[in-house]
Amino acid sequence: MAVLLWVVLLSAGVSLSQAQESFSKLPDIYKRGVELALHAINAHHASKDHFLFLKSIHQAEIEAGFDVVYIYHNFYLKATKCKRGTENADTTTCAFRNDRPLIDCAICYKTYAGAIEEEPKPYVSCVHKPALTQDMKKDRIEHCNKMGYSSGSPTLLAVIS
């Protein structure tokens, strides 16, 4: 019985470190986008738990020239056992909860010289995974494509589809 408990604890620790490792392996420009989403989720008044990045689902970028890049990133966030507003939280201090649904986030934004531009305003869409519909996914992509069209850049839909 003790051996089984040790195996369960060890595997939980491995998955926690893998989540933190996957965030640390993201390119900086994707990390900044994840941080935008985390800030929005962790600041939401209805959220009681602190959320952390779990894993990337899809990444796309279009280089529009003159150091302008459009980013699309779809990823999961997961609730932790830490309370909302926990400072400097990571998977070593805040264990993931397994009794809460994942949050599916899609974010798109324009960067110039590696920094996220304020215009057009970055788009952040985060929804509990069980509530996410195909129509919502389609709407996300369409919204992000409109961001690119406004500046005459290629569509992200070609990269995402």
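Trainee: Why is Phe66 called exposed?
Mentor: The relative accessible area of Phe66 is 80%, and the label applies over 50%, so Phe66 is exposed. Keep in mind as we go that this is a predicted model.

Trainee: Where does Phe66 lie, and what makes its phi worth a remark?
Mentor: Phe66 sits in the loop between E1 and E2. Its phi is positive, about 55°, although the residue is not a glycine. Most residues other than glycine have a negative phi. Ala113 is another non-glycine residue with a positive phi, near 55°, and it is found in the loop between E3 and E4.

Trainee: What is the peptide bond from Glu119 to Pro120, cis or trans?
Mentor: It is cis, with omega near -5°. Most peptide bonds are trans. Pro120 has its place in the loop between strand E4 (115-116) and strand E5 (123-128).

Trainee: Let's step back to the fold. How many helices and strands does the protein chain have, and in what order do the elements run?
Mentor: There are four helices and five strands. From the N terminus on, the order is α-α-β-β-β-β-β-α-α. Of the 161 residues, 39% count as buried. Among contacts with a separation of 6 or more, 64% come from residues 24 or more positions apart.

Trainee: Which residues of H2 are buried?
Mentor: Ile29, Tyr30, Lys31, Gly33, Val34, Ala37, Leu38, Ile41 and Asn42.

Trainee: Which residues have the most contacts inside the largest nonpolar core?
Mentor: Those are Val34, Phe51, Phe53, Phe75 and Leu77, in a core of 19 residues. Helix H2 (28-43), strand E1 (49-65), strand E2 (68-83) and strand E3 (103-112) each supply at least two of its residues. H2 gives the largest share, six residues. There is also a second, separate core of eight residues, which includes Ala60, Tyr72, Ile141 and Cys144.

Trainee: Why does Phe75 count as buried, and what does it touch?
Mentor: Buried means under 20% relative accessible area. Phe75 has 0%, so it counts as buried. Leaving out residues up to four places away in sequence, Phe75 touches Val34, Ala37, Phe53, Lys55, Ser56, Ile57, Ile103, Asp104, Cys105 and Ile107.

Trainee: How many aromatic pairs are there, and what makes Phe23 and Phe53 one of them?
Mentor: There are two. Ring centres must lie within 6.5 Å; those of Phe23 and Phe53 are 5.6 Å apart, and the planes are at 55°, giving a tilted pair. Phe23 is in helix H1 (residues 2-25) and Phe53 in strand E1, 30 residues apart, so the pair links distant parts of the chain. Both residues are buried.

Trainee: What lies over the face of Phe23?
Mentor: Lys31 does, at 5.9 Å from the ring centre. The distance limit for this is 6 Å.

Trainee: Why does Ser47 count as buried?
Mentor: Its relative accessibility is 10%, and the cut-off is 20%, so Ser47 is buried. Ser47 is in the loop between H2 and E1. Its side chain reaches the backbone oxygen of Asp49 at 3.0 Å. Not counting residues up to four places away in sequence, Ser47 touches Ile41 and Arg84.

Conventions. Residues are numbered from 1 along each chain as its sequence is written. This is a predicted model: local features need pLDDT of at least 70, side-chain atom pairs count only at pLDDT 80 or more; totals for chains, interfaces and linings use all residues. Side-chain values use heavy atoms; hydrogens and water are left out. A nonpolar core is a set of buried Ala, Val, Leu, Ile, Met, Phe, Trp, Tyr and Cys residues joined through side-chain atoms within 4.5 Å. Buried means under 20% relative accessible area, exposed over 50%, partly exposed in between (1.4 Å probe, protein chains only). Contact means heavy atoms within 4.5 Å. Rings of Phe, Tyr and Trp (its six-membered ring) pair if their centres lie within 6.5 Å; planes under 30 degrees apart count as stacked, over 60 as edge-to-face and the rest as tilted. A charge sits over a ring if NZ of Lys or CZ of Arg is within 6 Å of the ring centre and within 35 degrees of the ring normal. A polar contact is a pair of N or O atoms within 3.5 Å; within protein, one must be able to donate a hydrogen and the other to accept it, and residues adjacent in sequence count only if both atoms are side-chain atoms.
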